[in-house]
Amino acid sequence: MREVRLPGNLSTVPVAAPVLTALRAQAPGLLHVVDPYKVPLAEAVEKSRAVADLGHPVLLVGSTDNAAFDRQVAPYVADLRVRTDLPIVLHFPSIPGRGAPLCPGADAVLVHAVPNSLRSFFVSGGAAETAVAAAALGDGAPELLRSASFAFGSDGKTHEAVGAPQTAEAGTELPRLVAAVATGDFDLAYLLYRHGRVPEAVLRAYRRGLAPQQLLFVGGGVRSYGQVRHYHDCGADWVVVGNGLETAGWRETLRELSGRPGRRPGGTGHPAARRALVAELQRGLRRPARSDPVGRRAYATNVGRLHDLLPAVVAPVTSAEEVAHVLRTTRAAGMPVAVRGSGHSFGLQGLSDGGVLIVGEPGDPEVRLHDDGTAEVCARAPWHAAETALNALGRSIPVLTNHLTVSIGGTLSVGGYGEGTIAHGGQVDLVERFRLILPDGQARWCSPDESPELFRYGIGSLGQLGVLDRVVLRTVAYQRFTTIATQQHPSLPALVEYVGWLAEEQRSPVDLFSAQHYEGGFVTTYGMMGAPLPRRLPGRADIRVEADWPLRSMRESRRNPADPSVHFIWADYCLSSPAAVEFARFLEAEILATPGYREGGGRLLMLGVHRPEQRPSVPFTPAAGLRGLALGFGLYFSVPRGDRASVERVQGMHRRVLAECLALGGRPYLAGWYDLDEADLQSMYGADLVALRRLRRELDPHGLFNPGLLA
């Protein structure tokens with residue numbers, strides 16, 4: 001691969017660079033490219049007006065063909081110029097001896113360099129010739145937007161036009177190309193996949209590697225708002241849509257792709273429309289909806305603090321009626337809406353980029369204890385409130401995590417695991433029924449007998465199908481005292497091999513189990529609630545009795561990640577017991593022994609699931625599909641906020657751990673930080689992923705509700 005360095009400092013932005021400035025300021029968003037060889041001028045004029053009404057900053061005019069540029073495109077652009085105020089950006093391949101073709105009426109031109117082209121003209125010569133031609137136009141010259149452009153997949157037409165092979169999607173070439181763009185004189189990288197989708201890993205690699213001022217464009221085959229949102233979630237600044245709008249119903253399609261089906265001209269992006277939306281939301285809310293900068297900024301990140309996304313409106317909700325009101329109002333406005341509980345998440349969950357953010361306000365758990373020992377609770381309440389109320393009634397939730405200030409609904413959207421998981425599975429496995437508020441505002445009870453498909457996919461799936469309102473959980477008799485036994489082990493593999501004895505019986509022989517890497521040693525902890533310890537533990541362990549052991553997290557709330565100066569990069573990996581031994585060897589040799597583990601404040605915690613195959617109803621949880629004894633490894637790091645080098649180093653370790661986990665047949669826990677691509681998702685979830693996405697399309701046809709990884 002050639003080193004790419006264009007002649008001179010071509011990326012220097014002139015004092016007056018309105019198009020580039022607008023693209024930087026208004027990202028992320030959607031750009032439409034009109035093909036002058038296909039789209040009649042009258043339709044192009046209508047499209048320019050519709051694009052402007054929806055708040056998009058420019059209109060692209062372009063095609064892979066440009067043989068008849070002077071005869072057909074130049075007069076087309078001149079006529080379009082007098083009929084629209086929207087900036088026009090030319091988008092054509094360069095022509096040898098001329099560079100990117102220019103014509104009067106264009107405000108800017110995408111100057112495409114192709115770093116992996118086999119022809120030097122497309123690597124740098126075309127850009128140099130364009131600069132010369134633009135200089136000759138004097139004051140009438142368009143802005144030059146210098147683009148490093150790549151075509152992926154089978155795209156013979158594009159590859160032939162620019163003399164480049166299919167761009168690599170992985171391997172050693174990808175980081176070399178990213179580095180060439182980041183260090184070259186480029187305003188943007190343009191990734192085109194005409195007959196497929198640019199892989200998530202590729203997008204994230206470019207987003208991480210590009211300089212802060214460099215934009216990321218992606219295009220090709222975009223036909224749904226979900227695709228647009230996914231590209232934005234992966235770091236794309238602008239999603240380019242062409243053929244998807246070359247239909248008779250392009251107006252509605254354009255609104256849908258913009259995330260605003262049925263939206264009136266002006267849209268909720270305009271101040272007056274936003275004020276109207278806030279006023280409409282406020283009619284059904286007890287607490288103030290926030291659209292002021294301070295109120296929005298408070299919810300722009302989550303506990304991981306790796307992303308900073310500013311919602312347009314924050315809607316605090318205290319009841320099912322308020323949730324339904326917000327969902328109906330945002331759907332009518334064509335406004336994206338996301339859902340947040342306590343904000344105890346590490347990726348993009350619980351964040352909204354320019355949409356409405358529903359924030360569940362913690363309150364009374366409203367516990368209703370049933371004769372069969374189940375308890376109905378409010379999903380917006382924190383776990384500690386529900387457990388405390390149940391203890392007063394003589395009952396207890398048998399699985400509690402180390403962070404009891406989080407919301408019940410938020411935890412159930414991913415799983416919920418703790419020391420009691422060894423005997424009872426995840427918190428999702430305790431659920432008998434739940435009431436789900438669907439994206440259209442309707443409420444529906446779900447159980448194995450009532451809406452069974454929604455019951456299967458409505459929890460443990462990142463909140464993709466609706467907002468949890470009420471939950472019926474299995475509980476156990478409250479036991480105040482717990483017998484605790486701890487053991488030391490010489491190494492992590494030795495620990496994992498030893499705990500295999502937990503799988504020897506049909507039922508878990510203990511009520512509680514955890515393990516950790518602590519002060520250089522490896523410790524297992526077992527607990528029994530109101531029953532003696534298994535015979536093999538006394539004599540080999542330190543034993544004590546603790547009062548209210550499950551509620552210790554309330555006393556240890558200082559350990560909750562509340563420090564705003566730190567990035568928390570946590571992830572959990574789950575494997576069956578035989579594979580877990582090999583995984584433990586990998587962790588001890590390749591992670592725990594490295595300086596990066598110590599420098600990143602690394603911690604390792606472990607939990608167990610006894611016979612997870614007996615709990616098959618929640619397919620997106622980490623132990624689903626595993627057999628026997630499953631062991632979860634939590635690898636937790638904290639680095640100073642803003643220390644990107646440390647963040648990337650820790651993320652690199654997590655990527656290595658994830659690759660090893662998947663290779664050994666394990667799964668990650670979707671509650672943490674992860675870097676999964678579509679191939680990983682298909683491999684792990686298969687038909688369940690297809691079913692979940694079908695349900696999303698049925699319940700949320702415009703893709704406005706809570707977009708995320710599984711969408």
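Q: What does contact mean in this account of the structure?
A: Two residues are in contact when they have heavy atoms within 4.5 Å. The model itself is predicted.

Q: Which residues does Arg693 touch under that criterion?
A: With residues up to four places away in sequence left out, Arg693 touches Glu678, Leu681, Gln682, Leu709, Leu710 and Ala711. Arg693 lies in helix H22, which covers residues 678-699. The C-alpha atom of Arg693 is also 9.3 Å from that of Leu465, although 228 residues separate the two along the chain.

Q: Why is Arg693 counted as buried?
A: The cut-off for a buried residue is under 20% relative accessible area. Arg693 has a relative accessibility of 16%, and therefore counts as buried.

Q: What makes Ala205 a buried residue, and where is Ala205 found?
A: Ala205 belongs to helix H7 (residues 200-209). Its relative accessibility is 14%, so Ala205 counts as buried. Apart from neighbours within four places in sequence, Ala205 is in contact with Leu174 and Val178.

Q: How do you know that the span of helix H2 agrees with its number of residues?
A: The expected span is 1.5 Å times one less than the number of residues. Helix H2 (residues 41-53) has 13 residues, so it should span 18 Å; its end C-alpha atoms are 18 Å apart, and the two values agree.

Q: Which residues of H2 are buried, and what do they pack against?
A: Leu41, Ala44, Val45, Lys47, Ser48, Ala50 and Val51 are the buried residues of H2. They pack against strands E1 (29-34) and E2 (59-62), and against helices H3 (69-83) and H9 (250-257). Just after H2, Gly55 has a positive phi of about 90°.

Q: What makes strand E3 covered on both faces?
A: In a regular strand the side chains alternate between the two faces of the sheet. In E3 (residues 88-91), Ile88 and Leu90 lie on one side, Val89 and His91 on the other, and all of them are buried. E3 pairs with E2 in the parallel sense over 4 bridges. Within this pairing, Ile88 of E3 is the bridge partner of Leu59.

Q: How do you know that strand E23 is mostly covered?
A: In E23 (residues 566-576), 11 of the 11 residues are buried. Val566, Phe568, Trp570, Asp572, Cys574 and Ser576 point one way, while His567, Ile569, Ala571, Tyr573 and Leu575 point the other way.

Q: Why are E25 and E26 called partners of E23?
A: Two strands pair if there are at least two bridges between them. E23 and E25 are joined by 11 bridges and run antiparallel; in this pairing Asp572 stands opposite Gly634. E23 and E26 (residues 667-668) are linked by 2 bridges, also in the antiparallel sense, so the count meets the cut-off of at least two. Here Tyr573 stands opposite Pro668.

Q: What is particular about the phi of Ser451 and of Arg611?
A: Ser451 has a positive phi, near 50°, and is a residue other than glycine. Arg611 is not a glycine either, and its positive phi is about 50°. Ser451 sits in the loop between strand E16 (443-446) and helix H16 (452-457), and Arg611 in the loop between strands E24 (603-610) and E25 (629-640).

Q: What makes the peptide bond from Ala27 to Pro28 cis, and where is Pro28?
A: Omega of that bond is near 0°, and the bond is cis. Pro28 is in the loop between helix H1 (18-26) and E1.

Q: What lines the second largest cavity?
A: The lining consists of Leu327, Thr330, Arg331, Met335, Val337, Pro439, Asp700, Leu704 and Phe705. Helix H12 (residues 320-333) supplies the largest share, 3 residues. By class, 6 of the lining residues are nonpolar, 1 is polar and 2 are charged. The volume of this cavity is about 50 Å³.

Technical notes
Residues numbered from 1 in each chain as written. Predicted model: local features only at pLDDT ≥ 70, side-chain atom pairs only at ≥ 80, totals over all residues. Heavy atoms only, no water. 1 Å grid on protein atoms, 1.4 Å probe; cavity = no way out; pocket = protein on both sides within 12 Å on 5 of 7 lines; lining within 4 Å. Points joined across faces, edges and corners; volume = space filled by probe spheres on them. Nonpolar A, V, L, I, M, F, W, Y, C, P; charged D, E, K, R; others polar. Buried < 20%, exposed > 50% of the residue type's maximum accessible area, 1.4 Å probe, protein only.
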